[in-house]
Amino acid sequence: MLRPIRTLAAAAAAVALVSACNSASTNGTSPGDSGDAPATTRGVTADSIKVGGIVSMTTASGYSKKDTDLGARARYLRANAEGGVHGRRIEYLGAEDDGQDPAKNMAAARKLVQQDKVFAVSPMSSVTFSGADFLEQEKVPTFGWGTLPAFCGPRHIYGFNGCLVPSPGGTLNQTWPEGIARILGGARDKSVAVIANDSDAGKFGIRTFQQGFASAGFKVSYAKASVPGTAVPSDWSAYVKEILSSNDGKAPDAVVSVMQTPNNIGLFTALKRSGYQGLLSDPTDYDPGLLAQDATRQALDGVHVLLQFQPFESDDPKMAQFKADIKAAAGGKEVPLNMHMLTGYMSADLFLSIAQKAGKNLTVESFQTAAQSFSDTGTLVGDRALPKGQKDSFGCGALVRLKNGAYEVSVPFRCYEPIPFK
């Protein structure tokens, strides 16, 4: 049985231990070598591998990614039921809650490494990743949703669907622009407004999606990271006014929000009340739990949501396996599925796949060697390949639309040719 999340009870002295005391072994080995891992490999024993997570379970806005933990737990449970990784069971400690706070994110990373002594952090799902440099310095294999720059470049940090926010020289995933173009019957003579929070992540999102939509042939009539990141606005009228006149005094054909659910509800409700009839889209609101309240359901009705994995409505056998694993992790109960579960599940899946390839002698070095030549096909996020995924996205995705209280696939899952990021 998996171990529960531990409580923060370490003394300050333990947190202040020098990193060398708990860092991974530097004994180089090759994938597939036989024998047990050296005792100095942090988090690895003859019969277990210790893993923890960092997830924004509670936030000031009420938005929560807590089900990311359930998704990871589900995948680790199945791995253990199937015999673990080369006979080692996954000792999953659960996820630390960073509250979407940079200081707490760093504290969680330090706790997992210095106090809990994990081999890996998987999943890491938050809009802040201040602990990234520390985890990279400590050579901790870390897996999560590659929506932050820290997932693009560091040797030990991996996005489950690749790098989604690359530096110049990398590539951009075109699922969203190409998908919306399909819905609108093409991008020619079509305009799009893109709005995000006033944060580092929001500004980077504007930069990438502005380029992506323009490359697909859209006129980007509005692109601003102007919405406060700390609190949801009570009055959206100023934003709506700007958006609806951004296309040479007219409304754009599509409004794309690169924000979280509370902001999307406010913005989309205000746009609809203004009489806006164009396409609405975001990358967040694929969650049946959001449909329980009438106001939320009405605000999101008709919205096309970007997915970077197979939709739950897919008949792919791997999706059926995912659903069965989630049910098992939930104690045999049917629970509403959401994208956070997939985030945790696929983060864990990529970690397990590389660990399996690393062989019986598991060290950070053997794990990294395995990662540098890793590839597989036909997963719930498409074809995966490393180290490509530390510079580029895997390029796959779909769009679903909420209609009459239920989700339907509006653009089927497929892979698109990425474009160079400038």
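Let's begin at Pro177, which sits in helix H6, a stretch that covers residues 175-183. The structure you are looking at is a predicted model. Is Pro177 buried or exposed? Pro177 counts as buried because its relative accessible area is 1%, and the cut-off for buried is under 20%. Which residues does Pro177 touch, once its neighbours within four places in sequence are set aside? Its contacts are Gly212, Phe213, Ala216 and Phe218.

Pro177 and Ser61 are separated by 116 residues in sequence, and their C-alpha atoms lie 28 Å apart in space.

Now let's turn to strand E1, which runs over residues 48-55. This strand is mostly covered, with eight of its eight residues buried. Its residues point two ways: Ser48, Lys50, Gly52 and Ile54 point one way, while Ile49, Val51, Gly53 and Val55 point the other way. Residues on both of these sides are buried.

Which strands does E1 pair with? One is E2, made of residues 89-97; E1 and E2 run parallel and are joined by seven bridges. To get from E1 to E2, the chain passes through helix H3, residues 67-81, in a β-α-β crossover that is right-handed.

Another partner is strand E3, residues 120-125, which also runs parallel to E1 and is joined to it by four bridges. Here you can look for Val51, whose bridge partner in E3 is Ala120.

Definitions and conventions:
Residues numbered from 1 in each chain as written. Predicted model: local features only at pLDDT ≥ 70, side-chain atom pairs only at ≥ 80, totals over all residues. Heavy atoms only, no water. Helix = DSSP H or I, 4+ residues; strand = E, 2+ residues; numbered from the N terminus. Buried < 20%, exposed > 50% of the residue type's maximum accessible area, 1.4 Å probe, protein only. Contact = heavy atoms within 4.5 Å. Pairing = 2+ DSSP bridges. Right-handed = clockwise from strand over helix to strand, strands pointing away.
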